[in-house]
Amino acid sequence: VDGKQIDLVNEIRSMPLQVGTGANGKNVNMGASGWFLFSDHETGKVLGRMNLNVDLTCAPVETGPGCPIDFGKYYAMPAPADFNSQSLGGYAMYFGDLKMNFVGTSGLFTTTSTGAVLSGLVVPDNSARLQYAWHVRVSFKTKTNGTPKKELKASAYAPAGPVDVSKWKYYTVTS
């Protein structure tokens, strides 16, 4: 609905946003995933679930070389499933059954020493045949620890695989 504001109200099952190699749960790329409830900003009524699964690609013009996880700017793109995945991928966000993707490189995930912001313009996937766009801006604060949600095949995780969950960062929703 045009002009409607929704809020992410909490993490589902106390699972914060997780960020790092393989954290998107769809492949072994640098990525992020989180599971949230969303509510109507005016009434506070919970409207449904929102899942986020994105690949994060360094935006070097904004960040400079190296893209450190603690301070950087990344393009947020849909996370396609690879052979390590145990589920389908290819969409940045799911609002219930509605599949959404960022328009071009409008999806940005910016990290600082105290938190992160995800922003951009999202539209429904083509199969939905819906004609609207949502401006997304979600702020997170850094969480000192978290329990990883491991969604990839066991072989993707250290020591045999490239995914080391001890290097993941965690964030909780602030707005």
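Modeller: Phe95 is buried, because its relative accessible area is 9%. Buried means under 20% relative accessible area, exposed over 50%, and partly exposed in between, with a 1.4 Å probe and protein chains only.

Biologist: Before we go on, what kind of model is this?

Modeller: This is a predicted model: local features need pLDDT of at least 70, side-chain atom pairs count only at pLDDT 80 or more, and totals for chains, interfaces and linings use all residues. Residues are numbered from 1 along each chain as its sequence is written, and side-chain values use heavy atoms, with hydrogens and water left out.

Biologist: Back to Phe95. Which residue does Phe95 form an aromatic pair with?

Modeller: Trp134. The pair of Phe95 and Trp134 is edge-to-face, 4.9 Å centre to centre with 85° between the planes. Rings of Phe, Tyr and Trp (its six-membered ring) pair if their centres lie within 6.5 Å; planes under 30 degrees apart count as stacked, over 60 as edge-to-face and the rest as tilted.

Biologist: Where do Phe95 and Trp134 sit in the chain?

Modeller: Phe95 is in strand 6 (residues 93-95) and Trp134 in strand 10 (residues 134-143). They are 39 residues apart, so the pair links distant parts of the chain. Strands (E, at least two residues) are DSSP runs, numbered from the N terminus.

Biologist: And Trp134, buried or partly exposed?

Modeller: Trp134 counts as partly exposed, because its relative accessibility is 23%.

Biologist: How many aromatic pairs does the structure hold?

Modeller: Five. One of them is Tyr91 with Tyr94: the centres are 5.8 Å apart and the planes at 75°, so this pair is edge-to-face. Tyr91 is partly exposed at 21%, while Tyr94 is buried at 17%.

Biologist: Switching topic. Which residues touch the most other members of the largest nonpolar core?

Modeller: Leu17, Met93, Phe109 and Phe140, out of 27 residues. Strand 4 (residues 46-58) gives the largest share of this core, four residues. A nonpolar core here is a set of buried Ala, Val, Leu, Ile, Met, Phe, Trp, Tyr and Cys residues joined through side-chain atoms within 4.5 Å.

Biologist: What else does Phe109 touch?

Modeller: Leaving out residues up to four places away in sequence, the contacts of Phe109 include Leu17, Val19, Leu56, Tyr74, Leu118 and Tyr171. Contact means heavy atoms within 4.5 Å.

Biologist: Which way do the side chains of strand 8 point?

Modeller: They alternate along strand 8 (residues 108-111).

Biologist: What are the neighbours of strand 8?

Modeller: Strand 5 (residues 72-78) runs antiparallel to strand 8, with four bridges. Tyr74 has Phe109 as its bridge partner. Strand 9 (residues 115-124) is also antiparallel to strand 8, again with four bridges, and Thr110 stands opposite Val117 there. Two strands pair if DSSP finds at least two bridges between them.

Biologist: How many residues are in the hairpin that joins strand 8 to strand 9?

Modeller: Three.

Biologist: Last topic: which ring does the charged end of Lys150 sit over?

Modeller: The ring of Tyr157, 5.3 Å from its centre. Lys149 lies over the face of Trp35, at 4.2 Å from the ring centre. A charge sits over a ring if NZ of Lys or CZ of Arg is within 6 Å of the ring centre and within 35 degrees of the ring normal.
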